[in-house]
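Hi everyone, thanks for making time this morning.

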Amino acid sequence: MSVAQWFKGISLRRPPAPAASPSEAPAPERVYLPLRQHRGDVCEPQVQPGDQVALGQIIGSSESIEAALVHATVSGKVEQIIDISDAEGHPTPTVVIQNDGKDAWAAPDADALIIDNADQVLQTKPSHLLKAIRKAGLVRAAAHGLPMQAELSPPMAPRSYLFMTGIPVVRTIDTLIVKAVDADQPIIPNQAGLAGFGAELEIGIAAVARICGAQKVIIAAAKGADLGQLPQIAAAREWSISQVNGCHYPFGLDSMIINALTGREVPTPYGEPRDVGVLIEPLATILDVGRVLRTGRPVIDRLFTVAGDVAKPQTFRARLGTPMAEMIKAAGGASGQPGKVIIGGPMMGMAHFDLNTPVTKESDGLFVISLAKVQTFSGEPCIHCGRCVQVCPVNLIPAELGKMCQYGHYEEAADKDLMHCIECGCCAYVCPAKRPMVHLLRLGKTEVLARRAE
């Protein structure tokens, strides 16, 4: 077991962490299931208003490899198909189902692949494992996640930066990193997944490693976390465990962990871990893969943390499609009048305006800030203190980039590596002039991409 360190970024003062052991959130009276819950293509609805559906029944499908099947997460009656806002505010076609409270499962698939243990995984063809994962509609459990069939077997299109950097175009995987640490605490679905895991973890890791061809497996866990029986399981399978400082932000981001654990640097701004021979998957995704292979059923819920100013901050097993308002209620309700509800963590999440926005396959939690704690202020001119440069984890000069974006010099900012910004928010957090750094840099990146697309 090794300990990885990182020297840039910031140390945050955090509110009390939610309880680590996940609990079951009550099924809502009505679920809202978007026909796209990931980066990629939208599914076509397979039901109509008035249809009766069973738990686990397919309600949205597509032939595209960049679309994940959508299943009913309650049994009941389809009320309507409408557009609602996703976590980023984009309207998405959504199937609304009235829950009948019976949780009646659809008839089991006679051809479903059932696996009891990790040894059986090694005797199963990778194509059969991948087919089972695709039928379950699994998505990488993180913001902007891809459907797992695209994540594990992506198209091999060459990119210009590969030739420029000399990295081979054929992107084989030799290392699988399982991320049991979360970047934007106190949203901690992956850390909570370590509490009381079963055979799903071992099966999930073995299956993903077999599909992608990784010979080496590293489990990245938060320093001081209770690992239970994990060290014994890892030792038996020749997997290694590395502990990382989960309180040092943004150490839990994929590129930071890869660099710390392997010494490899993911090319920015458009590179992927696969470009350096690494596949990194959240623990929540690994557990879902294990559950699908053990049961032969699609996953109908996900690990979801509710934190901040609520009565009982905790991590739930929440039904996909549950409105955010219901999740706040499950956590005991807001403490005082809510001032801001953020989908995601307090540093990298997005403030949202509609509490009917549902839990999806790529949303990992929400953070509530009471009205009494919300501060309004106006940004002052940059005082050139250099604090943003000191903490930027990707070694940019945020102060200069922010000024360029503020006054419309977008291409000049792009020449100064604007597109390498990972939007972690460290620069805004330490800025004594309270400049809206992330807002300015996001604006600049959006303008650059829009102009290049013309």
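Predicted model: local features only at pLDDT ≥ 70, side-chain atom pairs only at ≥ 80, totals over all residues.

Let me start with two terms: two strands pair if DSSP finds at least two bridges between them, and helices (H or I, at least four residues) and strands (E, at least two) are DSSP runs numbered from the N terminus.

Residues are numbered from 1 along each chain as its sequence is written, and side-chain values use heavy atoms, with hydrogens and water left out.

Back to the strands. Strand S9 covers residues 76–85 and strand S10 covers residues 91–99; nine bridges join them, and they run antiparallel. Both belong to an open sheet of four strands, in the order S4-S10-S9-S6, with antiparallel pairing. At the edges stand strand S4 (30–34) and strand S6 (52–53); each has a single partner strand, so one side of each has no neighbour in the sheet.

There is also an open sheet of three strands, ordered S5-S7-S8, again with antiparallel pairing. Its edge strands, S5 (44–45) and S8 (70–71), each pair on one side only. Strand S7, residues 58–61, pairs with S8 over two bridges in the antiparallel sense. If you want to find one of these contacts on the screen, look for Gly-60, whose bridge partner in S8 is Val-70.

Now to the empty spaces. Rolling a probe the size of a water molecule over the atoms shows where empty space is left. The rule works on a 1 Å grid over the protein atoms alone: a cavity is a set of points where a 1.4 Å probe fits but cannot get out, a pocket is an open set with protein on both sides within 12 Å along at least five of seven lines, and lining residues have an atom within 4 Å of a point. Grid points are joined across faces, edges and corners, and a volume is the space filled by probe spheres set on the points.

Let's take the second largest pocket, with a volume of about 630 Å³. Its lining has 27 residues, and those nearest its centre are Asp-109, Ala-112, Lys-135, Ala-136 and Gly-296. Helix H2 (126–135) and helix H9 (283–295) are the elements that give two or more residues to this lining. Which of them gives the largest share? It is H2, with five residues. Sorted by class, the pocket lining has 14 nonpolar, seven polar and six charged residues. Here Ala, Val, Leu, Ile, Met, Phe, Trp, Tyr, Cys and Pro count as nonpolar, Asp, Glu, Lys and Arg as charged, and the others, Gly among them, as polar.

As for cavities, the count comes to three of 30 Å³ or more. The largest cavity has a volume of about 120 Å³. Of its 14 lining residues, Cys-392, Cys-421, Cys-424, Cys-427 and Leu-441 lie nearest its centre. Helix H14 (426–430) and helix H15 (437–453) are the elements that give two or more residues to that lining. By class, the lining has twelve nonpolar residues, one polar and one charged.

The second largest cavity holds about 90 Å³ of space. Among its lining residues are Ala-136, Asp-288, Arg-302 and Lys-361. This lining has six nonpolar, one polar and four charged residues.

My last topic is charge. Side chains of opposite charge can pair when their charged atoms come close. A salt bridge is a side-chain nitrogen of Lys or Arg within 4 Å of a carboxyl oxygen of Asp or Glu, and the structure holds 22 of them.
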